[in-house]
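Hi,

Here is the structure I promised to pass on. Could you load it and read my notes alongside?

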Amino acid sequence: MSNINSESNRLKQLSGNDLKFFLKETFTKLVDEKIILRFDIDKNFNHCGFSYGKQYLANFIIETLDNKFIIINSSNSFRHDRMKTQAYDVNGVTNNAIISDKIIASILLYPDKELQNTGLITFRNKVITKDAYSPATHILVISEFIDFLEHHKNIVEEEKIEEYEKSENTTNQIKENMGGSYYGQRGNTFEKEVVAELNDIDNFKKFRLGTNDCSYYYSLIMNKLCTDNNITYNDIISITSSNAILKLRSGGNAKTDIIIKIKTIDKEIIETISVKNTTQNRVSCHDYKSKDFIRVLKIEDTKLASYLELYQENGSHKDFIDNMPENWSVSEFEKLLNPLKNKLLEWALTGKHDSDNLITPQLQISNYLLINKSGEGKFIDFSSYIDSLYASGIKLSYGLPLSWTYPSKQRGKRIQLKLPILV
């Protein structure tokens, strides 16, 4: 993966068997680097409930470290008639196959030369503006797909570092566990446990009876959601939950970690939850390039944009100050940022405002925060949590209750924000 972007000109010419060979080679490297768990080529699926085994085809299936799936169907060119066959297969796998509820991205993939195809560009734009339907979450050319994979790789590597830093294992124990999907499994264990609790029928029965012996996080979450949505346990018909969240258009992860759907007598309530499972006082909550800060805040060609670029270049408060040009200052940076700090906070914590990257905003923007800090839990809506951060007396950084730094090994390339954990 490390030299993929340097081969961009060659990649733009890939199609047919060359494209297939390149993808196989790339995915094999990702398995070796423990970025993905495994992949399959030309995998067929039956429609659930039917025995015919070749109903739907996926050209490639990637299984992530936390046992979710990315499916890819590729073609040498975009034509509406050919796309309909791709769409049939993608729709079948994403909605009617045994892995459907674990798919986090479905991709229609084309060679870069198709960027000159007005049919592709027009259709893709209509999908983005919701004027046309596509069963695939992403319609990409190969260079865009490489960026997608780079985003996924960066996320996995950062999660590995975070898990390493907070691990209570000895160095030798960690080395023993390095094989397979240790980091991916460990990092998602708590999410899986919460989803299992929310889907547990015994918890549901106890909650419907109004007893107090549901599991801890079930009670913590459901009592809050019932209060906020003005419903009682008697109103609820069913509760379902999932931690299979669609990836953003960029290939990055949404802020939502868990979706919960509550069916009542007269409506369905959908709520989204971001999870922080930690022993630390601060955790990473946002990791983007300065150009993304500039794009989302809509501050292109402004001095504030230049400040953000300078911070990324330096990566620490001291170096940021030491390398400021004459007549620049932290106070000016804070003043310029102040009108946009709420927008930045909402983007960093909930995912709001990133319209270019959101595919399903209702599901990818997180409304609630679930914290497990060393066994102590908190479940709170983000608006209230932001208020509590300001009220806590935490030292502000550039007017925000977040720490500014850079991701490990990414100094000069990205900006990382860290969230104080209050329970």
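In helix α16 (residues 382–391), the buried residues are F382, Y385, I386 and L389; buried here means under 20% relative accessible area, exposed over 50%, and partly exposed in between, with a 1.4 Å probe and protein chains only. They span an arc of only 100 degrees around the axis, so they sit on the same side of α16. That arc is taken from the directions that run from the helix axis to the C-beta atoms.

What do the buried residues of α16 pack against? Their partners are β8 (268–278), α14 (341–350), β10 (368–373), β11 (376–381) and β13 (415–420), where a contact means heavy atoms within 4.5 Å. After α16 comes G393, which has a positive phi, near 85 degrees.

Before you go further, please note that this is a predicted model: local features need pLDDT of at least 70, side-chain atom pairs count only at pLDDT 80 or more, and totals for chains, interfaces and linings use all residues. Residues are numbered from 1 along each chain as its sequence is written, and side-chain values use heavy atoms, with hydrogens and water left out.

D301, at about 60 degrees, lies in the loop between α10 (290–297) and α11 (303–314), and its relative accessibility of 83% makes it exposed. N327, at about 75 degrees, belongs to the loop between α12 (317–322) and α13 (330–337) and is exposed too, with a relative accessible area of 67%.

Now for the whole chain. It has 16 helices and 13 strands, which are DSSP runs numbered from the N terminus (helices H or I, at least four residues; strands E, at least two). The radius of gyration is 23 Å, close to the 22 Å from the globule rule for 423 residues, so the chain is as compact as a globular protein of that length. That radius is taken over C-alpha atoms, and the rule is 2.2 Å times the number of residues to the power 0.38. Of the 423 residues, 49% count as buried. Among contacts with a separation of 6 or more, 64% come from residues 24 or more positions apart.

Best wishes
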